[in-house]
Amino acid sequence: MSYDKELAAAKKAVSLAACLSQEVQKTLLQSQVWRKSDRSPVTAADYGSQAVVSLVLERELQPEKLSLVAEEETGDLRKKGSEEFLEGITKLVKDTLASEGSYAGSPLSTDDVLNAIDSGKSEGGCSGCHWILDPIDGTKGFVRGEQYAVGLALLVEGKVVVGVMACPNLPVASAVGETEKSSSENVGCLFFATTGSGTFVQPLNGNSSPQKVQVSSNDVLEEAKFLESYHKPIPIHGTIAKKLGIKALPVRIDSQAKYAAMCRGDAEIYLRFTLNGYSECIWDHAAGTIITTEAGGVVCDAAGKSLDFSKGKYLAHKTGIIVTTKKLKPWILKAVRESMEEENLCF
């Protein structure tokens with residue numbers, strides 16, 4: 001089945017959301033970072049990006065009914081004292097949509113924005129079509145002025161079939177091992193993939209044509225580059241790297257930008273083992289998974305099984321997530337199994 005219409009809508013939605021996020025990041029102050037009930041940070045970009053994606057998908061795909069599984073909700077925005085913050089978000093969304101000619105002049109109220117954000121309340125599941133959105137993946141990186149992503153994927157009958165990811169601060173060239181900051185003209189990438197068609201990347205500014213990408217062909221473990229998230233140290237990552245003979249320290253990158261780096265061959269291994277009791281949300285991995293697998297990579301859990309996005313908002317998977325190449329997968333799974341046994345961890 002062709003997903004050309006859905007891909008075009010997703011690219012438009014994600015590109016506009018990325019533009020909104022870039023505007024916010026330019027002037028973001030620490031005082032403008034809110035805390036949600038779980039103490040995680042949230043900004044006007046998180047809410048505005050979700051509203052933009054919802055509104056664009058609804059318009060581009062009509063008359064199809066939109067089912068959106070997304071991270072943000074409006075409970076805090078509807079509380080007394082948030083009126084000014086909400087007005088600012090509404091203006092951001094209006095200005096962003098007005099930059100796209102066909103959307104110029106469309107009236108938009110604060111209620112419209114709230115309703116657009118709340119359209120992300122779908123639970124997903126194994127039947128039907130559901131869009132999966134992380135409006136700003138890596139909010140902590142976004143606040144620091146570093147890496148973040150806007151990730152959108154389409155789930156059809158429990159399988160991810162389309163993925164689009166904007167990485168506004170990712171260098172157009174390799175993102176790993178760079179010692180100097182790239183100039184603003186050389187950053188900003190849009191990755192996209194549809195099932196069976198491969199993965200492509202183009203500059204976010206649209207100044208050049210999409211190029212097909214592939215994961216790394218390196219099969220020398222000692223030379224492999226290893227990615228992980230910014231977080232409290234995860235000891236098993238070091239244990240696994242040592243067993244593999246990897247001498248270089250891990251490169252830490254926020255958000256699904258790590259998947260982007262993997263899919264174009266910037267690195268060979270991305271490990272994500274988390275603290276006990278943590279449940280992975282599907283929006284943190286859906287877009288990243290398809291752009292990596294369509295580029296020839298592997299995304300699996302610690303038991304070597306593919307991730308299951310069909311069980312609702314949370315991933316059904318065994319301990320840990322492994323992203324690598326087909327050549328290196330057997331060696332990494334062996335090192336993971338041995339490391340887990342040594343640390344008395346269960347699959």
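Aspartate 254 is buried, with a relative accessible area of 7%, where buried denotes under 20% relative accessible area, exposed over 50% and partly exposed in between (1.4 Å probe, protein chains only). The structure is a predicted model, in which local features need pLDDT of at least 70 and side-chain atom pairs count only at pLDDT 80 or more, while totals for chains, interfaces and linings use all residues. Residues are numbered from 1 along each chain as its sequence is written, and side-chain values use heavy atoms, with hydrogens and water left out.

Aspartate 254 occupies the loop between β11 (251-252) and α7 (257-263); helices (H or I, at least four residues) and strands (E, at least two) are DSSP runs, numbered from the N terminus. Its side chain forms a polar contact with the side chain of arginine 144, at 2.2 Å. A polar contact is a pair of N or O atoms within 3.5 Å; within protein, one must be able to donate a hydrogen and the other to accept it, and residues adjacent in sequence count only if both atoms are side-chain atoms. When neighbours within four places in sequence are left aside, aspartate 254 is in contact (heavy atoms within 4.5 Å) with Gly141, Arg144, Glu146, Gln147 and Tyr230.

The protein is divided into domain 1 (3-213) and domain 2 (221-343), with bounds that come from an automatic or database domain assignment. To their contact, domain 1 contributes 49 residues and domain 2 contributes 30 residues. The C-alpha centres of the two domains lie 24 Å apart. The size of an interface is often given as the accessible area lost when the parts come together. Domain 1 and domain 2 bury about 2,800 Å² between them, 67% of it on carbon and sulfur atoms; buried area is the accessible area (1.4 Å probe) that two parts lose on being put together, summed over both.

Between domain 1 and domain 2 there are two salt bridges, each defined as a side-chain nitrogen of Lys or Arg within 4 Å of a carboxyl oxygen of Asp or Glu. Glutamate 123 and lysine 313 are joined through their side chains by a salt bridge (3.8 Å, N to O). On the side of domain 1 that touches domain 2, β6 (159-171) is among the elements that supply at least two residues, and β6 gives the most, with nine residues.

Serine 339, in helix α9 (residues 329-342), is buried, with a relative accessible area of 0%.
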